Amino acid sequence: MKRLLKGGRVVDPVNGRNGVFDVLMDGDRIARIGRDLPADAGTTVIEVSSAFVLCPGLIDMHVHLREPGQEHKETVATGTAAAVAGGFTAVACMPNTDPVNDNAGVTEYVLRKAAEANLARVYPIGAVSRGQQGEQLADIAELKLAGCVALTDDGRPVATAMLMRRALEYASMFDLPVIDHCEDQTLKGDGVAHEGYQAATLGLRGIPGQAESIMAFRDISLAELTGGVVHIAHMSARQTLDAVRYGKARGAYVTCEVTPHHFVLTDEMLAAPEPYDTNVKMNPPLREAADRDAMLQGLADGSIDVIATDHAPHHYDEKGVEFDRAPFGITGLETAVSLCFDRLVHPGSISLVRLIELLSVNPARILRVPGGSLSEGAPADLTILAPDLAVTVSAARMRSKSKNTPFDGWTLRGGVAATIVGGRTVYVNEDAGLRL
Amino acid sequence: MRKDLLAISDLSRDEITLILDTTDAMREIGERPIKKVPTLRGKTVVNLFYEPSTRTRTSFEIAEKRLSADTLNIAVSTSSVQKGETLADTAMNIEAMAPDMIVLRHPSSGACHMLARLCRSRIINAGDGMHEHPTQALLDAYTIREHKGRIAGLKIAIVGDLLHSRVLRSNVLLLTKQGAEVWACGPRTLVPPGLDRCGVKVSTSVDEAVEGADVIMMLRIQQERMQGAFFPSVREYFNTFGLTAARAARARPDVIIMHPGPMNRGVEIASDVADGPYSVILDQVANGVAVRMAVLYLLAGGADAD
């Protein structure tokens with residue numbers, strides 16, 4: 001089946017396109033991109049105005065799909081439905097499931113569930129250590145063969161410098177980046193919020209930014225030592241960004257990501273609008289304005305490579321308890337694009353081209369997965385964005401099984417009009433006014 | 001008045017003054033032969049204490065009974081909390097029996113805010129985690145006012161485990177609101193970040209903090225803090241931060257010594273100081289009943305006084 005999307009604004013940094021182009025899809029591939037493409041009798045023509053942006057499918061490289069073992073929070077099916085509703089054609093999913101994804105069995109299970117759901121592509125990330133216990137390496141070659149694209153013990157840091165060193169060396173044989181959740185657990189202690197004025201006045205135990213940056217410096221030093229590839233997950237502290245800049249300046253293979261909530265929110269949310277709202281509790285925590293502003297600066301100046309959501313669904317029973325007892329994490333798949341437009345692109349901090357690099361080009365490059373560009377012959381994974389769409393975030397209407405988001409009710413400018421995976425339309429936003 | 005008393009941070013200067021002034025009338029009731037007025041007759045008050053308590057619970061119960069309320073103490077140790085029932089469920093189930101007020105003490109900061117969102121009943125915070133203990137700060141303020149005639153302009157030193165103390169937080173808020181010069185003192189490991197932004201002077205020297213003080217308030221040091229490497233030993237803590245008679249002598253001659261209780265004698269405070277002539281520790285306890293009566297009375301709508 002051939003479909004011709006005419007007249008949209010194509011933003012495809014890898015191929016240097018940023019303007020009005022027609023996109024011809026044939027089956028599951030991109031057949032041609034050009035101006036004023038002709039349509040033969042067998043081609044469905046769809047008029048897309050230049051108010052819409054067609055870009056390579058967005059890829060979220062940090063998502064917790066919770067299956068196997070925690071299906072009350074999310075499943076691969078509901079998670080990938082949330083992903084496509086958020087404009088993501090692919091997600092990389094974390095291994096802290098139950099059982100942990102430290103073997104081919106779990107990897108293959110996740111891939112099978114993804115195929116059954118047939119929505120977003122799923123790239124499993126395998127564990128660094130067996131059971132994520134931080135002692136022995138997991139069977140990394142097996143994980144690679146089964147389809148894993150990276151390794152992490154996320155949920156936790158890679159436990160020791162020795163293990164991180166071995167992981168970097170070993171994983172490099174298989175071209176797998178090691179993604180670290182940077183956190184010195186002795187400094188974190190039983191902290192539940194950013195160590196600062198807000199937590200102190202609310203009587204919440206604090207986690208200093210240095211708990212994260214210390215580990216980032218460790219990982220970057222080891223990347224230098226080994227020549228291995230490290231990716232710093234969910235940065236929150238300005239000191240961590242300093243570590244990344246230091247490492248990049250010295251030529252270490254280090255990349256990093258930030259979540260939308262860390263460049264939008266601060267620890268002031270702990271006190272208002274709703275004091276002790278557990279939908280404001282995540283790890284790493286929301287930090288001070290100086291940290292949030294540092295993240296904005298890093299996104300603008302290129303120090304930060306990726307925006308990834310750390311989508312962490314939790315059931316409302318689990319979040320409906322006292323703040324210090326609630327699990328860490330908020331959802332993110334269905335709010336990311338709107339937050340990016342409203343807080344980055346529209347205020348002029350970053351260009352649309354840069355946004356696509358952060359959400360598609362760079363994740364594809366780091367994970368070495370297809371996508372990140374709209375090249376002829378490549379799989380037709382496209383996201384159609386509506387930069388000026390008026391969006392009101394509604395947790396109740398989200399496709400994720402869990403509704404743990406602090407953004408419920410927020411009005412934002414910019415959203416997703418449609419998501420196309422392998423030439424199939426897997427999501428259409430009724431409110432965006434695009435007929436596919 | 002407001003629906004709940006959750007935190008000193010919610011109260012204005014005028015509300016605080018109203019509570020303290022009402023306490024005078026309530027104290028008078030405690031001095032009568034028949035210590036009872038019908039103010040809260042027919043009202044049900046539930047005391048829900050998730051943490052052990054001697055003073056606070058007893059004084060709330062006495063306060064409630066003096067106002068003729070029907071009081072219930074839920075002993076968490078024999079409740080279905082032991083079967084894993086959540087705080088939210090416990091609250092909703094109690095709320096279904098339509099109490100007028102719930103007095104909650106809980107180890108988690110913010111627990112009372114949670115109850116206030118879930119329940120129509122009026123919620124009184126009897127201590128939530130490390131956050132606040134508003135009635136303690138109110139009775140401390142009342143005691144200071146009683147002995148000194150005022151709060152504004154006094155030098156008040158608060159010494160001890162500042163980081164984990166809800167009594168500190170409530171007192172700092174209240175005393176600075178009422179115009180006192182507050183000094184907060186403790187080991188650096190136990191100073192909460194940002195305390196210097198709360199209008200207090202922060203010091204790690206007890207001698208400096210108590211110098212010329214009108215009021216010295218000692219906070220309990222939990223011995224478990226040695227596990228977190230907050231301080232090396234009880235012996236060193238007492239030597240460096242303990243209130244001995246010699247240290248107390250640096251304060252003004254008419255200083256009053258306070259402690260919210262329970263005391264660790266020989267840890268934060270020497271026994272001779274705790275039992276000495278400057279100590280008003282037991283006055284605090286006595287005033288606690290009257291202050292809590294005032295709070296209950298005002299939250300109930302300040303209905304017909306005796």
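This note sets out numbered remarks on a predicted model with chains A and B.

1. The interface. Chain A contributes 17 residues to the contact and chain B contributes 22 residues. About 1,500 Å² is buried between the two chains, and carbon and sulfur atoms give 58% of that area.

2. Charge pairing across the interface. The rule finds 1 salt bridge between chain A and chain B. The side chains of A:Glu274 and B:Arg117 meet in a salt bridge, with an N to O distance of 3.4 Å.

3. Cis peptide bonds in chain A. The bond from A:Ala272 to A:Pro273 is cis, and its omega is near 5°. A:Pro273 belongs to the loop between helix H9 (260-264) and helix H10 (289-301) of chain A. A cis peptide bond also joins A:Asn283 and A:Pro284, with omega about 0°. A:Pro284 is likewise placed in the loop between H9 and H10 of chain A. A reader checking the backbone may wish to view these two bonds together.

4. Aromatic pairs. Over all chains, a search of the whole structure finds 5 aromatic pairs. One of them is formed by B:Phe231 and B:Tyr237; this pair is tilted, with 5.2 Å centre to centre and 50° between the planes. B:Tyr237 also pairs with B:Phe241, here in a stacked arrangement with 5.4 Å centre to centre and 25° between the planes.

5. B:Tyr237 and B:Phe241 are separated by about one helical turn, because they are 4 residues apart in helix H8 (residues 234-241) of chain B. B:Phe231 and B:Tyr237 are both buried. B:Tyr237 counts as buried because its relative accessibility is 2%, below the cut-off of 20%. B:Phe241 has a relative accessible area of 9% and is therefore buried too.

6. Charges over rings. In chain A, A:Arg35 lies over the face of A:Phe21, 4.2 Å from the ring centre. In chain B, the charged end of B:Lys155 sits over the ring of B:Trp183, at 4.2 Å from its centre.

7. A:Gln132 is not a glycine, yet its phi is positive, at about 55°. This residue is found in the loop between strand S8 (121-127) and helix H3 (140-146) of chain A. With a relative accessible area of 5%, A:Gln132 is buried. In chain B, B:Ser68 is a residue other than glycine with a positive phi, near 70°. B:Ser68 is placed in the loop between helix H2 (55-66) and strand S2 (70-75) of chain B. B:Ser68 is buried as well, at a relative accessible area of 16%.

8. A hairpin in chain A. Strand S17 (residues 411-421) and strand S18 (residues 424-428) of chain A pair in the antiparallel sense over 4 bridges. In this pairing, A:Ile420 stands opposite A:Thr425 in S18(A). The two strands form a hairpin with 2 residues between them, and A:Gly422 in the turn has a positive phi of about 55°.

Definitions and conventions: Residues are numbered from 1 along each chain as its sequence is written. Chains are lettered from A and ligands numbered from 1 in the order in which they are written. This is a predicted model: local features need pLDDT of at least 70, side-chain atom pairs count only at pLDDT 80 or more; totals for chains, interfaces and linings use all residues. Side-chain values use heavy atoms; hydrogens and water are left out. Two strands pair if DSSP finds at least two bridges between them. Rings of Phe, Tyr and Trp (its six-membered ring) pair if their centres lie within 6.5 Å; planes under 30 degrees apart count as stacked, over 60 as edge-to-face and the rest as tilted. Buried means under 20% relative accessible area, exposed over 50%, partly exposed in between (1.4 Å probe, protein chains only). A charge sits over a ring if NZ of Lys or CZ of Arg is within 6 Å of the ring centre and within 35 degrees of the ring normal. Contact means heavy atoms within 4.5 Å. Buried area is the accessible area (1.4 Å probe) that two parts lose on being put together, summed over both. A salt bridge is a side-chain nitrogen of Lys or Arg within 4 Å of a carboxyl oxygen of Asp or Glu.
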